[in-house]
Amino acid sequence: MQRTSAVLIATAALAALLAGCGDDQAQSPPPSPTSAPAGGFTAKAGGTLAPFTPGAKAVGYIPGLAPAQASGEATMTASATGVVTDLSVTGLLPNRQYGAHAHVKPCGAKGDDAGPHFQFKADPVTPSVDPAYANPRNEIWLDFGTDASGKATVKSTVDWQLTDRRPGSIVIHETHTHTEVGKAGTAGGRVACLTLTS
């Protein structure tokens, strides 16, 4: 009786082993859906501001606030620890305050073509003027003041991760960004736009 049981056990083990020698993918269950992996890219934007042409990466919309030959350069680096964005400008009006933010779309023929501000947690109400959503912790704000020659550099650091959504551009605005209820996130007209590309 013991010998018969041993033979049966050995036969079952051999059958299981042979069944496992087939296509591994056919035997494995499909992977469960997961969100896109976090971070791990660098995007850049920049150039001399000029009127829009198809494919333009640096566009000026208000010549009085972004004179001819003004330029901007931006770098956005995303990782598992957050997003760091650097912006530098030259040739803007001297000793003046500007606003700047990451926007959801690339630059277009009109300033509004870049869409709203990029938000980590999207405001269900548009336009977003609620300080709970329109703030420098949930958005990427790069407000700056130029020096006597029209230059400025500024940095934004946020601790959230970018996964399947990424900003499309950096837009420069005509005033510093408001923070009060009903105006939060607004900064006047769109002076210029820099399209981000990986």
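Before I go to the pocket, I note what the word covers: a pocket is an open set of grid points with protein on both sides within 12 Å along at least five of seven lines. I also keep in mind that this is a predicted model.

Entry: I looked up the largest pocket and got a volume of about 370 Å³. It is lined by 23 residues, and P116, H117, P127, S128 and E139 are the closest to its centre. I sorted the lining of the largest pocket by class and found ten nonpolar, nine polar and four charged residues.

**Entry: P127.** I placed P127 in the loop that runs between β5 (97-103) and β6 (144-145). For context, most peptide bonds are trans.

**Entry: T177.** Where does T177 sit? I found T177 in the loop between β8 (169-173) and β9 (190-195). Is T177 buried or exposed? T177 counts as buried because its relative accessible area is 11%, and the cut-off for buried is under 20%. I then checked its side chain, which makes a polar contact with the side chain of H101 at 2.7 Å. Leaving out neighbours within four places in sequence, I listed the contacts of T177 as G99, H101, W141, D143, G185, T186 and A187.

**Entry: positive phi.** Most residues other than glycine have a negative phi. I went looking for exceptions and wrote down two. Q69 is not a glycine, yet it has a positive phi of about 75°. I found Q69 in the loop between β2 (58-60) and β3 (71-79), and it counts as exposed because its relative accessibility is 63%, with the cut-off at over 50%. N95, also not a glycine, has a positive phi of about 50°. N95 belongs to the loop between β4 (82-90) and β5, and its relative accessible area of 59% makes it exposed.

**Entry: the whole chain.** I stepped back to the fold and counted two helices and nine strands. Reading from the N terminus, I get α-α-β-β-β-β-β-β-β-β-β. Of the 198 residues in the protein chain, 37% are buried. Among contacts with a separation of 6 or more, I noted that 68% join residues 24 or more positions apart. The protein chain exposes about 11,000 Å², and carbon and sulfur atoms supply 59% of that.

Key
Residues are numbered from 1 along each chain as its sequence is written. This is a predicted model: local features need pLDDT of at least 70, side-chain atom pairs count only at pLDDT 80 or more; totals for chains, interfaces and linings use all residues. Side-chain values use heavy atoms; hydrogens and water are left out. Helices (H or I, at least four residues) and strands (E, at least two) are DSSP runs, numbered from the N terminus. Buried means under 20% relative accessible area, exposed over 50%, partly exposed in between (1.4 Å probe, protein chains only). A polar contact is a pair of N or O atoms within 3.5 Å; within protein, one must be able to donate a hydrogen and the other to accept it, and residues adjacent in sequence count only if both atoms are side-chain atoms. Contact means heavy atoms within 4.5 Å. On a 1 Å grid over the protein atoms alone, a cavity is a set of points where a 1.4 Å probe fits but cannot get out, and a pocket is an open set with protein on both sides within 12 Å along at least five of seven lines; lining residues have an atom within 4 Å of a point. Grid points are joined across faces, edges and corners, and a volume is the space filled by probe spheres set on the points. Ala, Val, Leu, Ile, Met, Phe, Trp, Tyr, Cys and Pro count as nonpolar, Asp, Glu, Lys and Arg as charged, and the others, Gly among them, as polar. Accessible areas come from the Shrake-Rupley method with a 1.4 Å probe; for residues, only the protein chains shown count as cover.
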